[in-house]
Amino acid sequence: MPTDFPSAARLHRPSEYAAALKGRRIARGALFIVSSPRESVLGPARLGLIVPKRHAPLAVTRNAIKRVLREAFRLRRAGLPEGDLVFRLVSRPAPASLTALKRQVRAEADALLGKIAKC
């Protein structure tokens, strides 16, 4: 199914994250930087998430951000180029309700993934 999110669609090993973080930055938004390894990886797009406590101190906030990013990626995965993508939260979101935060994260994720799909 094109709408599922199997284990093969996620990064698992620290070495996979390290390769993507040492690679190139392919998109940047107000909250996130998206990185990809320099060497070409064959296979469907895979997702890695880095949401540090420094920028999102509450676990409920970190988990909500990750859920929204996973869902946005899952829905757009078929249209993305092959390779690994690592979303890294680089700034603290403005204080807002959880619903407003989810909307902000989803809007930025859709914009960044749209930009990546056009490349």
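In this predicted model, Val 60 is found in helix H2. With a relative accessibility of 47%, Val 60 falls in the partly exposed class. Together with Leu 58 and Leu 98, Val 60 makes a nonpolar surface patch of about 260 Å². Helix H2 also holds Arg 74 and Glu 71, which sit 3 residues apart, about one turn of the helix. Their side chains join in a salt bridge, with 2.7 Å from N to O. Arg 74 is buried at 18% relative accessible area, whereas Glu 71, at 30%, counts as partly exposed.

The search of the whole structure gives 5 salt bridges. A network of them links Arg 13, Glu 16, Arg 46 and Asp 84. Within it, Glu 16 pairs with Arg 13, the closest N and O atoms lying 3.9 Å apart. Arg 13 is exposed, at 54% relative accessible area, while Glu 16 is buried, at 14%. Glu 16 also meets Arg 46 in a salt bridge of 3.4 Å, N to O. Since Arg 46 belongs to strand E3 (residues 46-50) and Glu 16 to helix H1 (residues 14-22), this pair ties together parts that are 30 residues apart in sequence. Both partners, Arg 46 and Glu 16, are buried.

In the segment after H3 comes Cys 119, which is exposed at 72% relative accessibility. The C-alpha atom of Cys 119 lies 8.0 Å from that of Pro 81, 38 residues apart along the chain.

Notes: Residues numbered from 1 in each chain as written. Predicted model: local features only at pLDDT ≥ 70, side-chain atom pairs only at ≥ 80, totals over all residues. Heavy atoms only, no water. Patch = residues over 30% accessible without salt bridge, like charges linked within 9 Å, V, L, I, M, F, W, Y side chains within 5 Å. Areas by Shrake-Rupley, 256 points an atom, 1.4 Å probe, with all protein chains shown as cover. Salt bridge = Lys/Arg side-chain N within 4 Å of Asp/Glu carboxyl O. Helix = DSSP H or I, 4+ residues; strand = E, 2+ residues; numbered from the N terminus. Buried < 20%, exposed > 50% of the residue type's maximum accessible area, 1.4 Å probe, protein only.
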